[in-house]
Amino acid sequence: MSLKLADVHRIALLARLEITDAQAQESANQLNDILAMIERIGRVDTAGILPMSHPLDGVQRLRPDLVSEIPDRDRTMANAPEQQDGLFLVPRVVE
Amino acid sequence: MSAAPPANLAHASLAQLGSLLDRREVSAVELASTYLERIARHTDLNAFLDVRPETTLAQARAADQRRAQGETGPLLGVPIAHKDVFVTQGWHTTASSRMLEGYTSPFDATVVESLAQAGMVCLGKLNCDEFAMGSSNENSAYGNVLNPWDKSAVPGGSSGGSAAAVAARLAPLASATDTGGSIREPAAFSGVTGTKPTYGRPSRWGMIAFASSLDTAGLLTLSAQDCALAFNAMLGFDPKDSTSVDRPREDYTRHLAAGCKGLRIGVPTEFLAAGLEPEAEAAVREALRLYQDMGATLVDVSLPNAALGIPVYYVVACAEASSNLSRFDGVRFGRRAPQYEDLLDMMSKTRAQGFGEEVKRRILVGTYVLSHGYYDAYFLQASRVRRVISQEFQRAFAQCDLIAGPVTSGTAFGFGEKSADPVAMYLADLYTVPSSLAGIPAMSIPCGFGRLGRPLGLQLMANHFDEARMLGVAHAYQSATDWHTRVPAGY
């Protein structure tokens, strides 16, 4: 199947990437090339094969839920684009 | 093992630098100054993104002080440079993205911290492809890195700055990361030794995430021996990384004297086939012949689905990247678009303006393959084929101790040659991606030059946790050849 302009706009919205019509058109062409290359994996018979999510089949290690370190608030906040009173500022989301 | 040091200090091995420091024939400050001076002289390579001589010299003074107080160690006072995907407190960390311009980390990556504890002195941060996505370093927001062997050629990517810096002897070694070949391909293109250990052996803590089930820290060095020395300090269990493997530390130099007698080297028939340029094939075959002379036997092995590594990789890696890079939303750190209407608009504009084209492309691919209705056909199927490829490696390792083959289909390509066609660029990683999917250690060592005078690499791959033997086998080759000691003209 091949992606159309509307598909690219939908994916871009999901990915939170602003995209113009011209960019979406170019992306559609490139994504279709990439997807055509990817389609080949469908030909492999993988019946009974478990998906591999970790190269060593490791499982997520858990630790006790204890405070191990307290981040330096000022140093962490220093990278915030906008802040006030030690809090991150974003545009109003609740009217 | 460490012969008399060369006239040019910057051409010395780590063992030589360590013994000069031990004997007080050179100080860490002098050593750091030597490299800082070279870095300043060769800024045209664009290998470094952030250099702060005062911070470097302060670290060097501290190393000298530790030696003055009686502390010793093979790396104490030896300089290193870090790829800009490792977060560092004293230098900006950008992952070569506009998104993180001016970002300063409140903590150090574990790899950076471990090497600093061993006394290594940081020379600065190295250019790379944005968020480590690329095979030519042409995706950096801060410009191309030039290949010291030929400035019209790419240095390889994504660790292009690391490879160029080591090739030009601007640093005796450099940290790097490999997700699908990002250490080995630039090592081959730039004529240096590049080693990716087993997945989970180095910590990913503080390594800006691209594809978490593949991302592996490693090193660009002048030799396998140098790599083994530094791995001793760099690789170990890290409770801060949930995928770090809990195994005791080991001595990676223990097989350096082992030689190759009785070694069975597997040669995948699929790797020495159509698509490989004749000069690359000739160099690999010549290296294999040398291994036979040294007592190894060659075994034909087969990796029938290795060619599917690229499509599998671009599903898995893009999917993981689209998830990992969702953290760049303009809220807590990094860039925020100057003008926007509401929260959604702020995030969408921030990401559209902050990410480069290749990063956006991979986020779109990743978002698509994870989206409703496509997840099974793409992501799950890719994860299954990944296991098929991994099982093929295990079958091969039942017949051999080590696998050898090419790193790339030929020597470094020129700027712009592949950048217009994403799929052509992706295929550059044909020989490196399968071992990344399997999570096995792999490395590239210099094994000759092509007709344009650009370097070629030999790839060695070992089974999980067998990197010490792999380094020993590489060292045997480097004891019998001098490709790795060649220095590009002018450096």
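User: Looking at the two chains together, how many residues of chain A are in contact with chain B?
Analyst: Count two residues as in contact if their C-beta atoms, placed from the backbone, lie within 7 Å. In this predicted model, 57 residues of chain B meet that cut-off, and their partners in chain A number 45.

User: Before we go on, what kind of model is this, and how are residues and chains labelled?
Analyst: Residues are numbered from 1 along each chain as its sequence is written, while chains are lettered from A and ligands numbered from 1 in the order in which they are written. Local features need pLDDT of at least 70, side-chain atom pairs count only at pLDDT 80 or more, and totals for chains, interfaces and linings use all residues, since this is a predicted model.

User: Which helix gives the largest share of the side of chain B that touches chain A?
Analyst: Helices here are DSSP runs (H or I, at least four residues), strands are E runs of at least two, and both are numbered from the N terminus. H9 (309–324), H10 (343–354), H11 (357–370), H12 (375–397) and H13 (422–426) of chain B each put at least two residues on that side. The largest share is 12 residues, and they come from H12(B).

User: How many residues on that side of chain B are nonpolar?
Analyst: Nonpolar covers Ala, Val, Leu, Ile, Met, Phe, Trp, Tyr, Cys and Pro; Asp, Glu, Lys and Arg are charged, and the others, Gly among them, are polar. The charged residues number 11 and the polar ones 16. That leaves the nonpolar group, at 30.

User: Is H10(B) close to or far from its expected span, and what is that span?
Analyst: Seven of its residues that count as buried are B:Met346, B:Met347, B:Ser348, B:Lys349, B:Thr350, B:Arg351 and B:Gly354 (buried is 20 or more other C-beta atoms within 10 Å, exposed is 12 or fewer, partly exposed is in between, with C-beta atoms placed from the backbone). The expected span is 1.5 Å times one less than the number of residues. H10(B) has 12 residues and reaches 16 Å from first C-alpha to last, close to the expected 16 Å.

User: What is the radius of gyration of chain A?
Analyst: Chain A has three helices and two strands, running α-α-α-β-β from the N terminus, and 19% of its 95 residues count as buried. Its C-alpha atoms fill a box of roughly 55 × 45 × 25 Å along the principal axes. The globule rule is 2.2 Å times the number of residues to the power 0.38, with the radius taken over C-alpha atoms. A compact globule of 95 residues would sit near 12 Å, but chain A has 22 Å.

User: Where in chain A is confidence lowest?
Analyst: pLDDT is the predictor's confidence in each residue, from 0 to 100. Chain A averages 92, and chain B averages 97. Within chain A, helix H1 (residues 5–14) is highest at 97, and the lowest mean, 88, belongs to helix H3 (residues 73–77).

User: Is B:Pro74 buried or exposed, and why?
Analyst: B:Pro74 lies in the loop between H3 (53–68) and S2 (79–83) of chain B. Beyond four places in sequence, B:Pro74 contacts B:Leu14, B:Gly18 and B:Leu229. Because B:Pro74 has 20 C-beta neighbours inside 10 Å, it counts as buried.

User: B:Asn46 and B:Ala132 have positive phi without being glycines; what is the phi of B:Ala132?
Analyst: B:Asn46, with phi about 60 degrees, is partly exposed because it has 19 C-beta neighbours inside 10 Å. B:Ala132 is in the loop between S3 and H5 of chain B, and is buried because 29 other C-beta atoms lie within 10 Å. Its phi is about 65 degrees.
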